[in-house]
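Have a look at the sequence and the fold, then read on.

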Amino acid sequence: MRRLGHPRQHGKQGGGGGLLAKLSIAALFLLICSLSLLSAPFTPNTNGSTAQSQMNVEDLWKSANSGGWKPSSAPRSEWPSPPKETNGYLRVRCNGGLNQQRSAICNAVLAARIMNATLVLPELDANSFWHDDSGFHGLYDVEHFIQSLRFDVQIVERIPEIHKNGKTKKIKAFQLRPPRDAPISWYTTDALKKMKEHGAIYLSPFSHRLAEEIDNPEYQRLRCRVNYHALRFKPHIMKLSESIVDKLRAQGHFMAIHLRFEMDMLSFAGCFDIFTPAEQKILKKYRKENFADKTLIYKERRAIGKCPLTPEEVGLILRAMGFNNSTRIYLAAGELFGGERFMTPFRALFPRLENHSSVDASEELATNSQGLIGSAVDYMNPAHKCPSENVMQNLHSQLVTENINREQHNRSDSTVSLTER
């Protein structure tokens, strides 16, 4: 999004930050649809005493005013459609959690555009942690994904076979491990060279493998188009998510949070000091198998702020903010590592906890609440209901209108050019 009359600013996103990652993480992990108490929070007044806030809780559920912000996902300068002949095929394996994988998909589309490559439908690494083989087809609307990006990159579901001299030949993609936060120059030199030699390359792993700070507004807008328009969950996931939110809202206000106290996150952070020897062994093994070797002083990680908060620490912060024990909390998907002993203190602070099974015990939800699909259901909970709808609807309308304009340009064989609005 960009403010009317102000230039777009590109913040650094390396190491999990950045505009796109922050927007997505905010929609998924923070206190979404929150600030919703059955009793209002307390704030200190000027004389140091405690006074009840005058905020109207009902106002929190209304669509936010755009405040002068305008959509900026659509191209605003010359943006030609991809040529029919490309330099080869690009395969990627997206690893990490759902949000990390979405970011990787956005980068894969951008990498394909940069290299003038045909993107093969991204692979989702679901088995190493999620034990889920749903894949891209199981989560996202593939036809919508391909159609939405038809003016940006060519996308195929698989590398086609080559028929030559009466023989069928498969193109074998050359595997490369991209540097972390690789610059555009790596894709236009090293990667492109191998693509032209072999006809296809396979980038694995593909998480944070393209620099987030790129001084090209159109490239950044392409990332936004992928994340906010092209990546649409399958209808049954959206339906389940909407059903959960409706049932939660029918009982009053609630807060949705993701504790982020999971095996993969703890292993990546190197936060082992509070666990038993047996649990530490599990975390160290997972770290060795899934992350780059790096010397970490485990006892210092928490002291320097590198560890996820424990559930109890999250609960204490929420109580300090004024949320009392009558607050209803929906816990987003993610199996807590360490078991009930870490959850008990949080439950004592906030006994009114909800999750998938407590809100909807239907068989349909039970079969769609595991692995990446379960994460997608929770991802949609806040994202589908809580954004300022006027802004998102305007963004969608603008993109649709400009796509129609682009189709008209294409019919007349003219170069696509969209001017600043």
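## Aromatic pairs

Rings of Phe, Tyr and Trp (its six-membered ring) count as a pair if their centres lie within 6.5 Å. By that rule, this predicted model has 13 aromatic pairs.

F136 and Y140 make a tilted pair, with 5.1 Å centre to centre and 45° between the planes. Both F136 and Y140 are buried too. They also belong to one aromatic cluster, together with F145 and F233.

## Charges over rings

Some rings have a charged neighbour over the face. R91 lies over Y202, 4.0 Å from the ring centre. As for F350, the charged end of R319 sits over its ring, 5.9 Å from the centre.

Now for some strands. In general, strands of a sheet pair through backbone hydrogen bonds, either parallel or antiparallel.

Here, three strands make an open sheet in the order β13-β14-β15, and the pairing is parallel. Because β13 (255-257) and β15 (353-354) stand at the edges with a single partner strand each, one side of each has no neighbour in the sheet. Three parallel bridges connect β13 with β14 (residues 329-331). For I257, the bridge partner in β14 is L331.

Notes. Residues are numbered from 1 along each chain as its sequence is written. This is a predicted model: local features need pLDDT of at least 70, side-chain atom pairs count only at pLDDT 80 or more; totals for chains, interfaces and linings use all residues. Side-chain values use heavy atoms; hydrogens and water are left out. Two strands pair if DSSP finds at least two bridges between them. Helices (H or I, at least four residues) and strands (E, at least two) are DSSP runs, numbered from the N terminus. Rings of Phe, Tyr and Trp (its six-membered ring) pair if their centres lie within 6.5 Å; planes under 30 degrees apart count as stacked, over 60 as edge-to-face and the rest as tilted. Buried means under 20% relative accessible area, exposed over 50%, partly exposed in between (1.4 Å probe, protein chains only). A charge sits over a ring if NZ of Lys or CZ of Arg is within 6 Å of the ring centre and within 35 degrees of the ring normal.
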